[in-house]
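Reader: I'm new to protein models and would like to learn how to read one. Could you take me through it step by step?

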Amino acid sequence: MVRSLLSSLKCAANAHKLISQRGIHQSHMASSHVTVNGLNLRYEVAGSGSKVGLCLPGALGSIKSDFGPQLSSLAGEELTLVCWDPPGYGQSRPPPRKFSNDFLRQDSTIAAQMMKILGYDKYALLGWSDGGITALMMAAAFPQQVSELVVWGANAYLTEKDIGLYNKVRDVNQWSEKMRAPLEAIYGKEDFKKTWEGWVDALAKIYQEENGDLCKTDLDKISCRTLIIHGNKDPLVPREHPDYLHSKIKGSQLVCMEDGKHNIHLRYAKEFNKLVNEFLFDKNFLVKPDGKI
């Protein structure tokens with residue numbers, strides 16, 4: 001199990017290598033910083049379409065590590081994608097990440113404010129892992145702004161099993177050097193170690209102090225079209241979590257990728273992008289009865 005967990009983390013950490021290997025070009029992307037609530041946030045915009053989507057990275061994630069294949073291949077003449085480095089991650093530092101019990105809810109408010117400042121009044125949300133949780137909160141809180149919602153690797157609550165999975169990979173000194181290197185290049189050795197441990201400890205604290213509730217009460221407030229995607233071999237997010245989201249979000253659809261793990265949008269970028277594109281542009285989109293692709 002630990003090997004599988006570390007394998008998923010390795011794939012995410014090495015995503016920038018995957019991007020370069022696929023020959024992804026970023027000449028059509030514009031990147032900059034914007035100040036929101038005193039925070040200097042890094043963001044990139046790709047594509048020129050009238051339809052807009054906001055990409056929300058996972059834990060310690062950044063634009064380049066988490067959404068390269070989407071910014072290069074999903075964005076285009078019909079779809080504009082905006083992606084950020086969340087507060088305290090990537091190039092949205094300083095200040096460093098602060099892990100309060102509601103740090104993801106704070107992200108949801110800041111992300112919505114950022115989009116307003118950038119001039120986007122209506123947009124879809126594409127959220128992975130922690131970014132998926134943030135997206136769920138945004139869809140519930142800002143129904144007039146969110147047109148569609150796509151989440152994967154996300155959960156609305158934490159279980160004892162979940163905390164156990166995170167604790168197994170808490171000590172980055174147990175990771176291989178190859179796995180640590182990409183994140184250490186972004187954060188530096190000490191800051192990476194401190195930030196990762198802070199994230200694991202924050203979720204354990206939420207489990208203890210909030211009964212593991214991340215955003216359960218938000219789900220019945222989500223009214224936009226919603227697609228939940230799950231990798232059936234995801235070692236970090238057991239199947240009960242996407243099933244729960246599907247049961248609580250009215251009208252949502254669930255697609256399972258049989259061989260997918262946590263990073264399905266990176267490992268199976270072509271299939272993932274095709275699926276998301278079809279969902280975003282076809283209001284009559286329907287998942288196959290078996291829920292598989």
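Author: Buried means under 20% relative accessible area, exposed means over 50%, and partly exposed is in between, using a 1.4 Å probe and protein chains only. Helices (H or I, at least four residues) and strands (E, at least two) are DSSP runs, numbered from the N terminus. Now the case here: in helix 6, the buried residues are Asp130, Gly131, Gly132, Ile133, Thr134, Ala135, Leu136, Met137, Met138, Ala139 and Ala140.

Reader: What should I know about where this model comes from?

Author: It's a predicted model, where local features need pLDDT of at least 70 and side-chain atom pairs count only at pLDDT 80 or more, while totals for chains, interfaces and linings use all residues. Residues are numbered from 1 along each chain as its sequence is written, and side-chain values use heavy atoms, with hydrogens and water left out.

Reader: What is the mean pLDDT of the chain?

Author: pLDDT is the predictor's confidence in each residue, from 0 to 100. Here the chain's mean is 92, and 90% of its residues reach 70 or more. Watch residues 16-27, though: pLDDT stays under 50 there, and the model has 17 contacts beyond four places in sequence for them. Contact means heavy atoms within 4.5 Å.

Reader: How do I check the length of helix 6?

Author: Take 1.5 Å times one less than the number of residues, which is the expected span of a helix. For helix 6 (residues 130-141), the twelve residues should span 16 Å, and the end C-alpha atoms are 17 Å apart, which agrees.

Reader: And the whole chain? How many helices and strands are there?

Author: The chain has twelve helices and eight strands. For overall size, we use the radius of gyration, taken over C-alpha atoms, and a globule rule of 2.2 Å times the number of residues to the power 0.38. A compact globule of 293 residues would come out near 19 Å; this chain has 17 Å, which agrees. Along the principal axes, the C-alpha atoms fill a box of roughly 45 × 40 × 35 Å. Buried residues make up 57% of the 293. Also, of the contacts between residues at least 6 apart in sequence, 77% join residues at least 24 apart.

Reader: What is a nonpolar core, and which residues have the most contacts inside the largest one?

Author: A nonpolar core is a set of buried Ala, Val, Leu, Ile, Met, Phe, Trp, Tyr and Cys residues joined through side-chain atoms within 4.5 Å. The largest one here has 67 residues, and Leu54, Met114 and Tyr123 have the most contacts inside it. Helix 9 (residues 189-209) gives the most to this core, with eight residues. Apart from that core lies another of 28 residues, among them Ala46, Phe67, Trp128 and Val255.

Reader: Which residues does tyrosine 123 touch?

Author: Leaving out residues up to four places away in sequence, tyrosine 123 touches Val52, Leu54, Ala112, Met115, Met138, Gln145, Val146, Ser147 and Glu148.

Reader: What should I look for in the backbone?

Author: Most residues other than glycine have a negative phi, and most peptide bonds are trans. In this model, the bond from arginine 93 to proline 94 is cis, with omega near -5°, and the bond from proline 94 to proline 95 is cis too, with omega near 0°. Proline 94 is in the loop between strand 4 (79-84) and helix 5.

Reader: What about phi? Is asparagine 37 buried or exposed?

Author: Asparagine 37 has a positive phi, near 50°, and is found in the loop between strand 1 (29-36) and strand 2 (39-46). At 60% relative accessibility, asparagine 37 counts as exposed. Serine 129 also has a positive phi, about 60°, in the loop between strand 5 and helix 6. At 13% relative accessibility, serine 129 counts as buried.
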